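Look over the sequence and structure first, then read on.

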Amino acid sequence: MTTPDHGPGLEALTEGEVIARAFAVLAAVAEERTDDVDQLLVTLRWPDLTTVVYALGNLAVDVIAELRGLDCEVPADRALVAEQARRLVVRGMTDGEGEESS
């Protein structure tokens with residue numbers, strides 16, 4: 001798999017623009033605008049794309065910690081959030097059993 005850092009059609013964003021893009025993806029997902037999500041991600045260079053994904057993941061960690069009354073700055077609490085995420089992965093994998101991919 002090729003993951004280009006530069007090339008025709010790829011944007012070079014500042015750190016602030018990458019974070020703004022992450023929030024734009026969040027807004028598009030909240031509004032169920034799938035095509036817009038595609039457009040927000042397709043032109044990103046690989047390092048910027050991974051930063052967007054990391055920012056969204058970090059936001060999810062913060063939200064799960066908050067909902068459970070945990071402090072995401074405390075390693076033991078982050079470990080509890082990670083365990084919850086792993087349970088969600090397993091549940092997602094088992095919920096999809098027996099379904100055919102399209």
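The protein has 4 helices and 0 strands. Its order along the sequence is α-α-α-α. Helices (H or I, at least four residues) and strands (E, at least two) are DSSP runs, numbered from the N terminus.

This is a predicted model, in which local features need pLDDT of at least 70 and side-chain atom pairs count only at pLDDT 80 or more, while totals for chains, interfaces and linings use all residues. Residues are numbered from 1 along each chain as its sequence is written, and side-chain values use heavy atoms, with hydrogens and water left out.

**Confidence and overall build**

pLDDT is the predictor's confidence in each residue, from 0 to 100. The protein has a mean pLDDT of 88. Of its residues, 85% reach 70 or more. Among the elements, helix α1 (residues 15-30) has the highest mean, 95. Helix α4 (residues 75-95) has the lowest, 92.

Of the 102 residues in the protein, 17% are buried. Buried means under 20% relative accessible area, exposed means over 50%, and partly exposed lies in between (1.4 Å probe, protein chains only). Contact means heavy atoms within 4.5 Å. Take the contacts with a separation of 6 or more: residues 24 or more positions apart account for 49% of them.

**Where α3 meets α4**

Helix α3 (residues 46-67) packs against α4 at an angle of about 105 degrees. Their axes are 10 Å apart. Axes are lines fitted to C-alpha atoms, for helices over the stretch in contact, and angles run from 0 to 180 degrees between N-to-C directions. The angle makes α3 roughly perpendicular to α4. That label covers 65 to 115 degrees; angles under 35 count as roughly parallel, over 145 as roughly antiparallel, and the rest as oblique.

From α3, the contact uses Asn58, Val61, Ile64 and Ala65. From α4, Arg78, Val81 and Gln84 take part. The contact residues divide into 4 nonpolar, 2 polar and 1 charged. Here Ala, Val, Leu, Ile, Met, Phe, Trp, Tyr, Cys and Pro count as nonpolar, Asp, Glu, Lys and Arg as charged, and the others, Gly among them, as polar.

**Salt bridges**

A search of the whole structure finds 6 salt bridges. A salt bridge is a side-chain nitrogen of Lys or Arg within 4 Å of a carboxyl oxygen of Asp or Glu. The table lists some of them.

| Asp36 | Arg33 | 2.4 Å |

Asp48 counts as buried, with 6% relative accessibility.

Glu83 and Arg86 are 3 residues apart in helix α4, so about one helical turn separates them. Glu83 is partly exposed at 35% relative accessible area, and Arg86 is partly exposed at 47%. Elsewhere, salt bridges that share partners join Glu31, Arg33 and Asp36 into one network.

**A backbone exception**

Which residue has a positive phi although it is not a glycine? Glu32 does, with a phi of about 55 degrees. Most residues other than glycine have a negative phi. Glu32 lies in the loop between α1 and α2 (34-42). At 72% relative accessibility, Glu32 counts as exposed.
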